[in-house]
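I opened this notebook to record what I looked up in one structure, entry by entry. The sequence and coordinates come before my notes.

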Amino acid sequence: MEMLQFDFMQRALVAAVLVGITAPAVGVYLVQRRQALMGDGIGHVALTGVGLGFLFQTSPVWMAVLVCVLGAVVMELVRSRGNQRGDIALAMLFYGGMACGKLLVSVSAQAGSGNLESYLWGSILTVGPSDLATIAVLAAVVVAVTFGLRRQLFAICQDEEFARVTGIPVRLLNLLLAVMAAVTVTVAMRVVGLLLVSALMVVPVAAAQQVTRSFRATQAAAVGLGITVAVLGVAGSYQADVPSGPAIVLLAIAAFALLGALAGPLAARRHRAAPDAGPDVCDVVLPAQSTGPEAAPTSGPGPAPAGPEERRESEPSAGRGLAQ
C-alpha cells in the first residue's frame, strides 16, 4: 500500500480504472460485429495525431483525438461501401498514419525527448493532472454512449438489416461507434500504448464471453475484468519495475487462458443443473420501433422468435462472436 503515498501512482491507478472501463465497453461491440482489429488500425492513425501535437507543440492527446475521429469516420465509410478495394484503402490509411506520425515526430522540436516511446507502449506513471482530466472527460463520454445506447448499438451489431427495418439510424450509429472506438484509443494510449490498445479492447471481452450467457452479462464481466487486469498490471509494474502496458496485456491474456480452462466445467455444471434450459437468450431489449414478430429475423436455423423482446440463438462456439 505504500505506493498509494505517491501522487503519480494515485493518478496512474485512476487512469487504469478509467481505461479498464472504457476499452471493454467499446470492444464488446467490435467483437460482436467481428471488427476486433479496428482498434489496432485506429492506433496506427493516432500516431499522426501525436506527431502533429509534437510538431505544433500542442497536446498530443487532443490532437490524436481529432485525427483518430477523422480516421475512424473514413474507415467506417470505406467499410459501409463494401467494395473490393476497401481493404487496400484501409491498409494504406493504417500504415500511412504510422509513417506520417514517425516523420512528423522526427522533424519536430521535441524529436529527441523520447516521448514517442511512451505513446507507443504506454507510460502510465508519467500521466499528469491535465492528462488525467482529459482521460476522465473522454472516458465519461464513451461510457455514456456505450451504456446509454446499448439496445441500439447491439441491434446494429447483431443485424443491420433488422435494425434498419425497425427505424434505427444505422449509418449514424455506425459512425458513432467508430468515433467512440477512436476516442477509446486516445484514452488508453497513455496506459497501454498505441501498439497494444486493441488487446485491452478485445481480450477481456473474449475472456468474458467464454463463461457468460448473455450480452449484458458479457459486457459487465468484460468491464470488471478490464478494471482488474489494469489495476493489477499497474501495481505489478510498480513492484517489478517493468512497463505497465505489456504487463496489463499479459495479465488479460492469462485471464483469457484461465477462463478458457474453466469454461468447459462451468458449461457442464449448468447443463447438469438445468438440462432443458435451452439455448442462450439475448437479454437486451431491442428498441421499441419493432412492430411484431415478423420483423425479427433470427440469426440461425429454426423458427422465428415470438417477438422482438426476446431472440434466441444457438450455443456459442470458440472464435465466434457473442451469441446472445
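**Source.** I am working with a predicted model, in which local features need pLDDT of at least 70 and side-chain atom pairs count only at pLDDT 80 or more, while totals for chains, interfaces and linings use all residues. Residues are numbered from 1 along each chain as its sequence is written, and side-chain values use heavy atoms, with hydrogens and water left out.

**Core.** I looked up the largest nonpolar core and found that it has 86 residues; such a core is a set of buried Ala, Val, Leu, Ile, Met, Phe, Trp, Tyr and Cys residues joined through side-chain atoms within 4.5 Å. For burial I use relative accessible area, with buried under 20%, exposed over 50% and partly exposed in between (1.4 Å probe, protein chains only). The residues with the most contacts inside this core are I42, V50, I124, I156, V192, M201 and V234. Its largest share, 13 residues, comes from helix α1 (residues 7–32), where helices are DSSP runs (H or I, at least four residues) numbered from the N terminus. I then listed the partners of M201 beyond four places in sequence, taking contact as heavy atoms within 4.5 Å, and they are A23, P24, V26, G27, V28, L30, G39, A181, T184 and V185.

**Helix α7.** Which residues of α7 are buried? I noted R150, Q152, L153, F154, A155, I156, C157 and Q158. Because 8 of the 9 residues of α7 (residues 150–158) are buried, this helix is largely enclosed by the rest of the structure. Its buried residues are covered by elements including α1, α6 (129–148), α8 (160–165), α9 (170–188) and α11 (215–240).

**α7 against α9.** The axes of these two helices come within 10 Å and cross at roughly 100°, where axes are lines fitted to C-alpha atoms over the stretch in contact and angles run from 0 to 180 degrees between N-to-C directions. That makes α7 roughly perpendicular to α9, a label that covers 65 to 115 degrees. On the α7 side the contact is made by Q152, L153, I156 and C157, and on the α9 side by V170, L173, N174 and L177.

**Cysteines.** I searched the whole structure for disulfides, that is, pairs of cysteine sulfur atoms within 2.5 Å, and found 0. C157 is buried at a relative accessible area of 9%, whereas C100 counts as partly exposed at 32%.

**A buried glutamate.** Is E76 buried or exposed? E76, which lies in helix α3 (residues 60–81), counts as buried at 5% relative accessibility. Leaving aside neighbours within four places in sequence, I find E76 in contact with N174, L175 and A178.

**Positive phi.** R34, although not a glycine, has a positive phi of about 60°; R34 lies in the loop between α1 and α2 (38–55) and is exposed at 63%. Q57, also a residue other than glycine, has a positive phi near 55°; Q57 lies in the loop between α2 and α3 and is exposed at 57%.

**Q10.** This residue of helix α1 counts as partly exposed at 37% relative accessibility.

Methods: Parallel < 35°, antiparallel > 145°, perpendicular 65-115°, else oblique.
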